[in-house]
Amino acid sequence: MTSSLLDLAPVIPVVVLDDASDAVPLARALVAGGLPAIEITLRTPTALDAIRAVAAEVPEAMVGAGTVITPEAVTDSVRAGARFLVSPGWTDTLLGAMRDSGVPFLPGVSTTSEVVALLERGVTEMKFFPAEAAGGIGYLKSLAGPLPAARFCPTGGIVAASAPSYLSLPNVGCVGGTWMVPADALAAKDWDRVESLAREAATLRETRRP
């Protein structure tokens, strides 16, 4: 396994599931398309069941939990089988819980001060959220000079058309997005379409700066 969560694939699909039975076929479609890291957000009551199912039945996927905002959510997610954690923001309490979990994590930041505070605590890989609303490509480009140690997974408002511009930045390892798991495809259980969209997203690696 790669040493960095940010290097697994150019895109981490951000998945919101209302029906846990969709988790396994969806994960298989994403993996088949070349996107092995899958973030299932804790925004629905079925999220932990979905993580549990993917962890048990799709071992080739690296399933993670998103929208992790409490120490209890950290514990519950790891017990369910989450292999990484993503938060929209962070506090010292939450950061401590994520560190203690034993799995990789991406704490969320949207300001320079938050980035500096994490670097001070020895954390160099972060989620930049909400990416578009917080300043987007221009903001991240501005951070690269003074804060070269920080690497980001920007998420929030990124689409297939804008992803390559994010991925061209030297301080961006991957992006998070939902465009390869559109709501209408989930509702129709159109896993072939999900796989096709995932395959297109996986090729964004080729657009990245060496």
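Begin by selecting R193 and D184, which form a salt bridge whose closest N and O atoms are 3.0 Å apart; the term is used here for a side-chain nitrogen of Lys or Arg within 4 Å of a carboxyl oxygen of Asp or Glu. R193 is partly exposed, with a relative accessible area of 33%, and D184 is also partly exposed, at 46%; with a 1.4 Å probe and protein chains only, buried means under 20% relative accessible area, exposed means over 50%, and partly exposed lies in between.

Before moving on, note that this is a predicted model, in which local features need pLDDT of at least 70 and side-chain atom pairs count only at pLDDT 80 or more, while totals for chains, interfaces and linings use all residues. Residues are numbered from 1 along each chain as its sequence is written, and side-chain values use heavy atoms, with hydrogens and water left out.

Next, select strands β6, β7 and β8, which make up an open sheet of three strands in the order β6-β7-β8, with parallel pairing. β6 (108–109) and β8 (151–154) stand at the edges and have a single partner strand each, so one side of each is left without a neighbour in the sheet. Helices (H or I, at least four residues) and strands (E, at least two) are DSSP runs numbered from the N terminus, and two strands pair if DSSP finds at least two bridges between them. Zoom in on β6 and on β7 (residues 125–128), which run parallel and are joined by two bridges; there, select V109 and find its bridge partner in β7, F128.

R151 is partly exposed, with a relative accessible area of 23%.

For the last stop, select R121 and D92, which form a salt bridge with their closest N and O atoms 2.7 Å apart. Here too the pair links distant parts of the chain, 29 residues apart: R121 lies in the loop between α5 (112–120) and β7, whereas D92 belongs to helix α4 (residues 92–101). R121 counts as partly exposed at 30% relative accessibility, and D92 is likewise partly exposed, at 48%. A search of the whole structure finds eight salt bridges.
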